[in-house]
Amino acid sequence: MCLGAAVQARVSRIVFGAADPKAGAVSSILRFPFAKMNHRPEVRGGVLGLECGQILKDFFKIRRGRKAGGP
């Protein structure tokens, strides 16, 4: 939904850190159909990917009631 809104708003560049291989719309099984759109933003993924991934892991560990910062 966010990616569709960015395309409709004609955002020129989309940058993300951690990819979501199960549900991410840019680089997952969904593969947003940019070729069928009249606006194609520049997409760059993996920017500080490891760091972003760790932040997400820590966030969900805390949400599940476990300590953050570990593997």
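Which residues of α2 are buried? I take helices (H or I, at least four residues) as DSSP runs, numbered from the N terminus. Buried is under 20% relative accessible area, exposed is over 50%, and partly exposed is in between (1.4 Å probe, protein chains only). I find Gly53, Asp58 and Lys61 buried in α2. Down the axis of α2, these buried residues sit within an arc of 135°, so they line one face of the helix. I take the arc from the directions from the helix axis to the C-beta atoms. On the other side of α2, I list Ile55, Ile62 and Arg63 as exposed.

Before going on, I note the source. This is a predicted model, where local features need pLDDT of at least 70, side-chain atom pairs count only at pLDDT 80 or more, and totals for chains, interfaces and linings use all residues. Residues are numbered from 1 along each chain as its sequence is written, and side-chain values use heavy atoms, with hydrogens and water left out.

Next, the span of α2. The helix covers residues 49–63, 15 residues in total. Expected span is 1.5 Å times one less than the number of residues. That gives 21 Å for α2, and its end C-alpha atoms are 21 Å apart, which agrees. Just after α2, Gly65 has a positive phi of about 90°.

Last, the cysteines. How many disulfides does the structure hold? I count zero, taking a disulfide as a pair of cysteine sulfur atoms within 2.5 Å. Cys2 is exposed at 69% relative accessible area. Cys52 is partly exposed at 26% relative accessibility.

How values were computed:
Helices (H or I, at least four residues) and strands (E, at least two) are DSSP runs, numbered from the N terminus.
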